[in-house]
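Visitor: Please take me through this structure, one question at a time.

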Amino acid sequence: MALTFGLQDDTPLAVERMIGTIEAAGNRHGVPDPLQMTVAVSDGRRLWAFRYSTERHSRTLFFSTDVRTLRALHPEIEALREVADGARIVVSEPLGDLTGAWHEVPESSYGHVADGGGELRGLVPRPA
């Protein structure tokens, strides 16, 4: 559905329009909480990860801390030396119990990762 709304041109807007369309259809048909999602999409250079639910209690979504910071926090983990500086990991649940390794994507938000940097932004459902 997000492809129909221009996912390739403006990923966040397409997802917001998808959310708005699903929620409007759900409201018209008496569905109390029509949407529960965590969705990740990539164009090969950038990654977007979305967390949203109509009831405002969606499944969890986490992203990793900058790898350079993780190396400094956990020098004992050899595998971190093999990971590219700009790498990020997006998961539904934190992997392992590493202090400072994981950040939760807030409810009704999305994360955008590109070129080793990232940002979090809020989601606003929009009518199509």
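Visitor: Which helix is R28 found in?
Guide: Happy to start there: this is a predicted model, in which local features need pLDDT of at least 70, side-chain atom pairs count only at pLDDT 80 or more, and totals for chains, interfaces and linings use all residues. Residues are numbered from 1 along each chain as its sequence is written, and side-chain values use heavy atoms, with hydrogens and water left out. Helices (H or I, at least four residues) and strands (E, at least two) are DSSP runs, numbered from the N terminus. The run that holds R28 covers residues 11–28 and is helix α1.

Visitor: Is R28 buried or exposed?
Guide: Buried means under 20% relative accessible area, exposed over 50%, and partly exposed in between (1.4 Å probe, protein chains only). R28 has a relative accessibility of 62%, so this residue counts as exposed.

Visitor: What distance separates the C-alpha atoms of R28 and A14?
Guide: Along the chain, these two residues are 14 residues apart.

Visitor: Which residues does M37 contact, leaving aside neighbours within four places in sequence?
Guide: Contact means heavy atoms within 4.5 Å. With those neighbours set aside, the partners of M37 are V15, M18, I19, F50, R51, Y52 and S58.

Visitor: How many residues line the largest pocket, and which are closest to its centre?
Guide: On a 1 Å grid over the protein atoms alone, a pocket is an open set of points where a 1.4 Å probe fits, with protein on both sides within 12 Å along at least five of seven lines; lining residues have an atom within 4 Å of a point. The largest pocket holds about 170 Å³ of space, a volume being the space filled by probe spheres set on the points. There are 15 lining residues, and the closest to the centre are L70, L80, I89, L98 and W102.

Visitor: In what order do the three strands of the open sheet lie?
Guide: Two strands pair if DSSP finds at least two bridges between them. Strand β3 (residues 62–64) is joined to β4 by two bridges, with F63 opposite V90 in β4. The pairing is antiparallel, and the order is β4-β3-β5.

Visitor: Why is one side of β4 and of β5 left without a neighbour in the sheet?
Guide: Strands β4 (90–91) and β5 (102–104) have a single partner strand each. One side of each is left without a neighbour because both stand at the sheet's edges.

Visitor: Where does R56 lie?
Guide: R56 has a positive phi of about 65 degrees although it is not a glycine. At 45% relative accessibility, R56 counts as partly exposed. Its place is the loop between β2 and β3.

Visitor: What is the relative accessible area of S108?
Guide: S108 also has a positive phi, near 55 degrees, in a residue other than glycine. This serine sits in the loop between β5 and β6 (109–114). S108 is buried, with a relative accessible area of 14%.
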